[in-house]
Amino acid sequence: MKTKILLFISLFSLLQYTQAQHSERLTPFATGLNEKKLENADIVIQQSINKNEIPGAVLGVVSMGKMVYLKAYGNKQTYPEVQPMSVNTIFDLASCTKPLATATSVMILIEKGLIGLNDNVASYLPGFSNFGVGKDEKQIKIIHLLTHTSGLPAYAPVSALEKRNGLPLPQVLTLYIDSCRREFEPGSNMKYSCLNYITLQHVVEVVSGKSLRDFCKENIFDVLNMTHTDFNPGEEMKLDCAPTEKQKNGLVLKGVVHDPLARVMNGGISGNAGLFSNANDLGILVAALMNGGEINGKRILSPLTVELMTTLPESLKKFGRTPGWDMSSAYSGCKGDLFSSSTYCHTGYTGTSIVIDPENDVAVILLTNRVHPIDKGSVAKLRASVANAVAGSINKKTHSEK
């Protein structure tokens, strides 16, 4: 009897130790981060709120496949009434839609053998025009759309398109993108363009036979159990959304995409913007990318595909864009100054950003609704400051021994 009791005590102690070890892995210290130094991020975020640059924010830090730091600051809404921010608040991700939804969908189709990076866009979209004519024609390829080196203009004149009668607005926009003037020879320059990713959306939908929303849900969000991520949120999901800009009628956009082009596209389902999510869900997707496309036994991409998506193409390296992400272009300031050269990132107009450093196994998810209640907030400096605070918390010795 005594032996059984001792055995039970030993097993119980072992279980407690195992649980403690598992719990410890969720702390910043266990993943090589100094929690006291991480508080520097809290300070700069609060300073930004005090300056009325943003109403509030959510910060998530991911390492070793876990969310190790998650905090909410300030308010998610200040008009027409004040509502406090929560770590579960859902944000309009704006252009972070490009890498998280559209580029990831393209990569999945590449894995299936249905798309190739060097395929001509016109082979999927027959009405799509290339650069030049006759013998001088240069083919715009999938890789050019992904890296913003296609020559398509940055945006489309939404107000002018809305005045065209007789055709649905999504069709009018498609016709505009197919035929608008190409600004440079593909591969010769880089111009960040929402039209690139709306075109990629069309390619994904033609090849898969599904809407971008359904394709992402089936192949990314449902696979990873991202239950608070979607285009065009339903009424229940809207309750948790951070509102963005106040409209002329006095109402704020809440759960309705802020980007005008995305609003034209089928109720907010667009390749350039329109995805909504919260920090916890984004932490899962980010952790999967940092782990070679798999997390918790669920895989969305192969390790080689993640490498392709997060590496500068040799022929286009000088432009600083990977097939989906930013590494060193003029738009990569959100990385700050301290993360490694292998860091990739993306920002969203509404005030969202994601920074992933695979070398140090650390990612920063910073979510704000800087356009609330009026589009005058600024987060450029805040993004870099938060990135530096997180990078500065890395304990190299501890981290290298993980």
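1. Strand β4 and strand β6 (residues 275-277) run antiparallel and are joined by two bridges. Across from D92 stands F276 of β6. This is a predicted model, so the points below describe a prediction. The sheet is open, with three strands in the order β4-β6-β5 and antiparallel pairing. Its edges are β4 (91-92) and β5 (230-231); each has a single partner strand, so one side of each lacks a neighbour in the sheet.

2. Next, the six-stranded sheet. The strand order is β3-β2-β1-β11-β10-β9. This sheet is also open, and its pairing is antiparallel. Strands β3 (83-84) and β9 (344-348) form the edges, each pairing on one side only. At the β3 end, two bridges join β3 to β2 (residues 66-77), and the two strands run antiparallel. Q77 faces Q83 of β3 there.

3. Which helix touches β1, β2, β9, β10 and β11? Helix α11 (residues 279-290) does, packing on the sheet. The strands concerned include β1 (56-63), β10 (352-357) and β11 (362-368). The direction of α11 makes about 150° with that of β11.

4. Helix α13 also belongs in this picture. Spanning residues 380-391, α13 lies across β1, β9, β10 and β11. Its run is at about 145° to β11.

5. Now a helix pair. Two packed helices are described by the angle between their axes and the distance between the axes. For α3 (residues 97-111) and α7 (residues 194-208), the angle is about 40° and the axes are 10 Å apart. The two helices are therefore oblique to each other. The crossing of α3 past α7 is left-handed.

6. Which residues make the contact between these helices? From α3 come K98, T102, A103, S105, V106 and L109. From α7 come C194, Y197, L200, Q201, V204 and V207. By class, the contact has eight nonpolar residues, three polar and one charged.

7. Two cis peptide bonds deserve a look. Most residues other than glycine have a negative phi, and most peptide bonds are trans. Y79 and P80 are joined by a cis peptide bond, with omega about 0°. P80 sits in the loop between β2 and β3. P373 lies in the loop between β11 and α13.

8. Check the backbone at N52. Its phi is near 60°, a positive value in a residue other than glycine. N52 is in the loop between α2 (35-50) and β1. Is N52 buried or exposed? N52 counts as exposed, because its relative accessibility is 68% and the cut-off for exposed is over 50%.

9. H148 falls in the loop between α4 (142-146) and α5 (158-162). With a relative accessible area of 1%, H148 is buried. The cut-off for buried is under 20%.

How values were computed: Residues are numbered from 1 along each chain as its sequence is written. This is a predicted model: local features need pLDDT of at least 70, side-chain atom pairs count only at pLDDT 80 or more; totals for chains, interfaces and linings use all residues. Side-chain values use heavy atoms; hydrogens and water are left out. Two strands pair if DSSP finds at least two bridges between them. Helices (H or I, at least four residues) and strands (E, at least two) are DSSP runs, numbered from the N terminus. Contact means heavy atoms within 4.5 Å. Axes are lines fitted to C-alpha atoms, for helices over the stretch in contact, and angles run from 0 to 180 degrees between N-to-C directions. Angles under 35 degrees count as roughly parallel, over 145 as roughly antiparallel, 65 to 115 as roughly perpendicular and the rest as oblique. A crossing is left-handed if the near helix is turned anticlockwise from the far one by less than a right angle, and right-handed if clockwise. Ala, Val, Leu, Ile, Met, Phe, Trp, Tyr, Cys and Pro count as nonpolar, Asp, Glu, Lys and Arg as charged, and the others, Gly among them, as polar. Buried means under 20% relative accessible area, exposed over 50%, partly exposed in between (1.4 Å probe, protein chains only).
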